[in-house]
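Hello,

Here is the structure we talked about. Please open it first, then read my notes below.

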Amino acid sequence: MAKADLSAAWIFFFLTLPCVFHPERMLWLLFFLVSAIHAELCQPGAENAFKVRLSIRTALGDKAYAWDTNEEYLFKAMVAFSMRKVPNREATEISHVLLCNVTQRVSFWFVVTDPSKNHTLPAVEVQSAIRMNKNRINNAFFLNDQTLEFLKIPSTLAPPMDPSVPIWIIIFGVIFCIVIVAIALLILSGIWQRRRKNKEPSEVDDAEDKCENMITIENGIPSDPLDMKGGHINDAFMTEDERLTPL
Amino acid sequence: MAHAPEPDPAASGLGDERPKWDNKAQYLLSCIGFAVGLGNIWRFPYLCQTYGGGAFLIPYVIALVFEGIPIFHVELAIGQRLRKGSVGVWTAISPYLSGVGLGCVTLSFLISLYYNTIVAWVLWYLLNSFQHPLPWSSCPPDLNRTGFVEECQGSSAVSYFWYRQTLNITADINDSGSIQWWLLICLAASWAVVYMCVIRGIETTGKVIYFTALFPYLVLTIFLIRGLTLPGATKGLIYLFTPNMHILQNPRVWLDAATQIFFSLSLAFGGHIAFASYNSPRNDCQKDAVVIALVNSMTSLYASIAVFSVLGFKATNDYEHCLDRNILSLINEFDFPEQSISRDDYPAVLMHLNATWPKRVAQLPLKACLLEDFLDKSASGPGLAFIVFTETVLHMPGAPVWAVLFFGMLFTLGLSTMFGTVEAVITPLLDVGVLPRWVPKEALTGLVCLVCFLSATCFTLQSGNYWLEIFDNFAASLNLLMLAFLEVVGVVYVYGMKRFCDDIAWMTGRRPSPYWRLTWRVVSPLLLLTIFVAYIILLFWKPLSYKAWNPKYELFPSRQEKLYPGWVRAACVLLSLLPVLWVPVAALAQLLTRRRWTWRDRDARPDTDMRLDTDTRPDTDTRPDTDTR
């Protein structure tokens, strides 16, 4: 395609050569030539071309900037910068990056040409260069992987932020220790309470034991000895409703 | 007065005085905490929405009045009067019915196993909520970091976190897998917390219950206020409460209403009997029954308002996201400027583009977005909490705070129900005296909690979730129905309606009104029997199957329906029968023991039948039912 147009341009040049040997018109011809070539290299769906889509308003809302030629220049610069990091491509210039089909969406296609500007660089190289520097490119435009999309170039996802000790284990450890300490305290206080209860009535218990041992058996029927426990409530006189006012 | 006040029968058994509630509030809160559980949050709202919104309240209230409150009153009354746990109470009513008490204890043991596993899951989510961003907000990247893990990509980040990172579930119940250590330690922590709270019985439970019973109400109120201020909340509420009266013609609605009220009040566990046994005998249990049942139902209603205002927000959010995705597809395809199509303009624009560029539009992945579809996507049970709600929380500003509040609420709800369930096991064991008297109560409680924890480790296997569903469907439901039926029939026809009414008159100061007597005699037993039969029919109508999470299934992320293998079906049948088997076994054992004693004593002494009764009332068996009212 490029060669066909090239030859057409040459034919045109030779045809007009005799009558148009003028420096200005020469420049115009050269300009047409170059743009014709460039137009062929960068086309939607062309070989080694990538589509880029930006969602500036989604990312920045009110602070969104307008997409103009200056932004395009910055984009070309970032792509050229990424390519310069690839070995053997350190000579990539901004003019080697070609943009075309800029839409209102803000989306466009781009290719990277070699220094001769005749061929485009292989897609694989461009892809790996962009992937390695995606973060820098994103930051230059205040965007992220979702709002600055290179279709056909999958972005490397950020590694999961795994702290050395997961947070839930820390909180679990705290809660579990508190619970174990509380259980230990409850068990210990239960033991102390029981010891105190055992110590106090132990003297009274001894006296009661002696009394109970003295159950006498008369006529084959056991009889209760005198009650040593102190005042006992006589059920016969105790009623549910105390009609008598207490003294 | 028909009967003189008898000496406390428990005093002879325990040696010490029976523990008492510090005040009435502790007792009420414990019963309310036991009744109000996870089902109030994730079962009732689902039923309300599925069965025609406001119309569902009609069968629900009818079931409450004719089934829930009468049976609840029976449980509180017998516990309070006989002042023992379920085993002691039923042995006192009739030695032949002691199997009912044993069945209740076994059932409470089985239920506590899987219920605390759910509490352990809630604890796991609670612990994971203390970070931002929440771990279930995004899929983890795959090995070469070019995309997300395939299973997560196919379903959703929330489902992946639940099925893979929490449960690590296998695709089949036969494949047990290994024990998941993180679930095991969460389970250990849950049982440790339960042990800490029931270590000395109601002495410790009574103190903790102030927090665990009241905190959920605080959180529900916060969620209600927050939910009502979210966009789309009113749509959810309108959808929930719009009554659809035609649905009442479906008998399934009535069955589910009756079942829901029954399980919601936690009847036939033996827990209410245990709690009531620590009351003073002269307590108005009738008023308590009505109050607690009403509070439980009000809580269900309150929770459903809060839940549905939040779910309405989620549906609206999902609907808007669906629209936005479609709009983005259109904008990207036709290279329109960003944000040039608003949500309202979308239908018109789509129609216009379809007319001018039908081929290009046809190849776009556009989905039909209908708000009703999103509102219809209801869920109940763990699916509501761990999938739907976790996803909703992601869209609320300050997500970790809401996640912490929500799972904290679920944790305290589950915990307060666990107190009642564990107490239903411990109180009868203490009364019967399985361990010698010198063993402190803390040791018995610790032993029970340890045995429960070790038994429940089977639910931390990779297939644990499938087993939990089996326990929930088979062990719990059928046995509870059967035991409740035996409870009502046992009290009314074996213990005697007249004697029971006299007891209640002595406790509360007034005889039960005809409403009570009618429901106890006829309505409640009949209702229970109907529900039981209907339940069996529905359960065994089709072959027993379960829904498995299988990433290799063609229709993934839908769950694959698989049949239970033979040995699992046998386990289901065993679980359905085991607790109730105690009833005939105990009755038979009692019969044989009696026969043996009568034969033995007939040789020694002629008339010693009466002294062999083990209950506190000497005339239990020989007294026929003389209630002529």
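Chain B of this predicted model has 629 residues, and a compact globule of that length would have a radius of gyration near 25 Å; chain B has 27 Å, which agrees. That radius is taken over C-alpha atoms, and the globule rule is 2.2 Å times the number of residues to the power 0.38. Along the principal axes, the C-alpha atoms fill a box of roughly 105 × 50 × 45 Å.

Of the 629 residues in chain B, 56% are buried (under 20% relative accessible area, 1.4 Å probe, protein chains only). Take contacts as heavy atoms within 4.5 Å. Among those in chain B with a separation of 6 or more, 81% join residues 24 or more positions apart.

Chain B has 24 helices and 2 strands. These are DSSP runs: H or I of at least four residues for helices, E of at least two for strands, numbered from the N terminus.

Now look at helix H21 of chain B, residues 441–456. Its 16 residues reach 23 Å from first C-alpha to last, close to the 22 Å expected at 1.5 Å a residue (1.5 Å times one less than the number of residues). Buried residues in H21(B) include B:Leu444, B:Val448, B:Cys452 and B:Phe453. Their cover includes helix H7 (167–199) of chain A. Helices H7 (98–128), H10 (181–198) and H20 (399–432) of chain B are also part of the cover.

Residues are numbered from 1 along each chain as its sequence is written, and chains are lettered from A in the order in which they are written. Local features need pLDDT of at least 70, and side-chain values use heavy atoms, without hydrogens and water.

Best wishes

Technical notes:
Predicted model: local features only at pLDDT ≥ 70, side-chain atom pairs only at ≥ 80, totals over all residues. Buried < 20%, exposed > 50% of the residue type's maximum accessible area, 1.4 Å probe, protein only.
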